[in-house]
Amino acid sequence: MGLENIKGRIAAAVAAAGRPQGDVRLIAVSKVQPPDRVEAVLNAGHRVFGENYVQEAAGKWPGWREVYSGTEVHMIGPLQTNKLKLALDLFDAIHTLDRPSLAQKLARQVQARGSCPQLFVQVNIGDEPQKAGVLPDDTDNFIRDCESLDLPVFGLMCIPPEDQRPRPYFAAMRVIAERNGLAGLSMGMSADFEDAIAEGATHVRVGSAIFGARDYS
Ligand SMILES: *Cc1c(COP(=O)(O)O)cnc(C)c1O
């Protein structure tokens, strides 16, 4: 289990960036991992997790939440509108608010419930045609549209292009967050969370470096 190692590396990256300790939250990405690995991390005291699939999370987290108090589960995968109600029952935060149709349906649900998860707008920071997220040029307008729907946007999230140095993309995210007055930046995964912290990440999403490789077979 790599939890302590990753926590140490985060603390070092936070210090190197001259940021206060506690500035960066570690989301342990538990998608597809066997239950015993997740329980080991829960038993080590960690309480913040990320999941990509609504159905998978629905099968795991209600039970663990009863045993491990204070557990937070963040949705970091693509969200279909037909799973939105279930997602709102399950998640404390949604990192993948990525399109107007989702914002509109979410706004209606949030009104009906009187509560809203913490929201991050996903930005397609590399302008990649196959990737989800709002294009960088559209992000300011999208944030304003969310706010006019009474959706409080807490921050931005991205997955930078795979085949390039991520740091310039993280820097570009910071610029968009700052000009929109947003406090949250969800960026950085197992391979690049230190670069993300150097550029201001407040939430890093680390899976395989904590739990080991995912077995999709
Ligand atoms: C799976 C996933 C992660 C974790 O990836 P690792 O490389 O295992 O750390 C982080 N963010 C998102 C959006 C993911 O889908």
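In these legends, contact means heavy atoms within 4.5 Å of one another. The model shown in every view is predicted.

**View 1. Helix H5 and the elements against which its buried residues pack.** Helix H5 covers residues 100–113, and its buried residues are Leu102, Ala103, Leu106, Ala107, Gln109 and Val110. These buried residues pack against H4, strand E4 (93–97), E5 and H6. At 1.5 Å a residue, the 14 residues of H5 should span 20 Å, and because the end C-alpha atoms are 20 Å apart, the expectation and the model agree. Just after H5, glycine 114 takes a positive phi of about 75°.

**View 2. Helix H3, with its bend at tryptophan 61.** Helix H3 runs over residues 54–67, and its 14 residues should span 20 Å at 1.5 Å a residue, which agrees with the 20 Å between its end C-alpha atoms. An α-helix has 3.6 residues a turn, so residues three or four places apart point the same way.

**View 3. Serine 30 and valine 32 in the loop between strand E1 and helix H2.** Serine 30 lies in the loop between E1 and H2 and counts as buried because its relative accessibility is 0%, under the 20% cut-off. Serine 30 touches Val38, Phe49, Gly50, Glu51, Glu56, Lys60, Trp61 and Phe211, residues up to four places away in sequence not being counted. Valine 32 is found in the loop between strand E1 (25–29) and H2, and with a relative accessible area of 24% it is partly exposed. Most residues other than glycine have a negative phi. Valine 32, although not a glycine, has a positive phi of about 65°.

**View 4. Glutamine 33 and its side-chain polar contacts.** Glutamine 33 is also placed in the loop between E1 and H2, and at a relative accessible area of 4% it is buried. The side chain of glutamine 33 makes a polar contact with the side chain of arginine 37 at 2.8 Å, and it reaches the backbone oxygen of glycine 212 at 3.0 Å. Leaving aside residues up to four places away in sequence, glutamine 33 touches Val38, Glu56, Phe211, Gly212, Ala213 and Arg214. Glutamine 33 and phenylalanine 49, which are 16 residues apart in sequence, have C-alpha atoms 12 Å apart in space.

**View 5. The surroundings of the ligand.** The ligand is surrounded by 13 residues, of which the closest are Lys31, Asn52, Ser190, Ser208 and Arg214. An oxygen atom of the ligand is 2.7 Å from an N or O atom in the side chain of lysine 31. Backbone atoms are also involved, with an oxygen atom of the ligand 2.8 Å from a polar backbone atom of glycine 207, and an oxygen atom of the ligand 2.8 Å from a polar backbone atom of serine 208.

**View 6. Asparagine 124 and aspartate 127 in the loop between strand E5 and helix H6.** Asparagine 124 is placed in the loop between strand E5 (118–122) and helix H6 (139–148), where its relative accessibility of 2% means that it counts as buried. With residues up to four places away in sequence left out, asparagine 124 touches Lys131, Ala132, Gly133, Val134, Leu135 and Pro136. Aspartate 127 has its place in the loop between E5 and H6 and is partly exposed, with a relative accessible area of 48%. The phi of aspartate 127 is near 55°, a positive value in a residue other than glycine.

**View 7. Isoleucine 10 in the largest nonpolar core.** The largest nonpolar core has 60 residues, and those touching the most other members are Ile10, Leu97, Val121, Leu156, Val204 and Ile210. Isoleucine 10 touches Val24, Leu26, Phe193, Ile197 and Val204, not counting residues up to four places away in sequence.

Terms used
Residues are numbered from 1 along each chain as its sequence is written. This is a predicted model: local features need pLDDT of at least 70, side-chain atom pairs count only at pLDDT 80 or more; totals for chains, interfaces and linings use all residues. Side-chain values use heavy atoms; hydrogens and water are left out. Helices (H or I, at least four residues) and strands (E, at least two) are DSSP runs, numbered from the N terminus. The expected span of a helix is 1.5 Å times one less than its number of residues. The bend at a residue is the angle between axes fitted to the seven residues ending there and the seven starting there. Buried means under 20% relative accessible area, exposed over 50%, partly exposed in between (1.4 Å probe, protein chains only). A nonpolar core is a set of buried Ala, Val, Leu, Ile, Met, Phe, Trp, Tyr and Cys residues joined through side-chain atoms within 4.5 Å. A residue is near a molecule or strand if one of its heavy atoms lies within 4 Å of it. A polar contact is a pair of N or O atoms within 3.5 Å; within protein, one must be able to donate a hydrogen and the other to accept it, and residues adjacent in sequence count only if both atoms are side-chain atoms.
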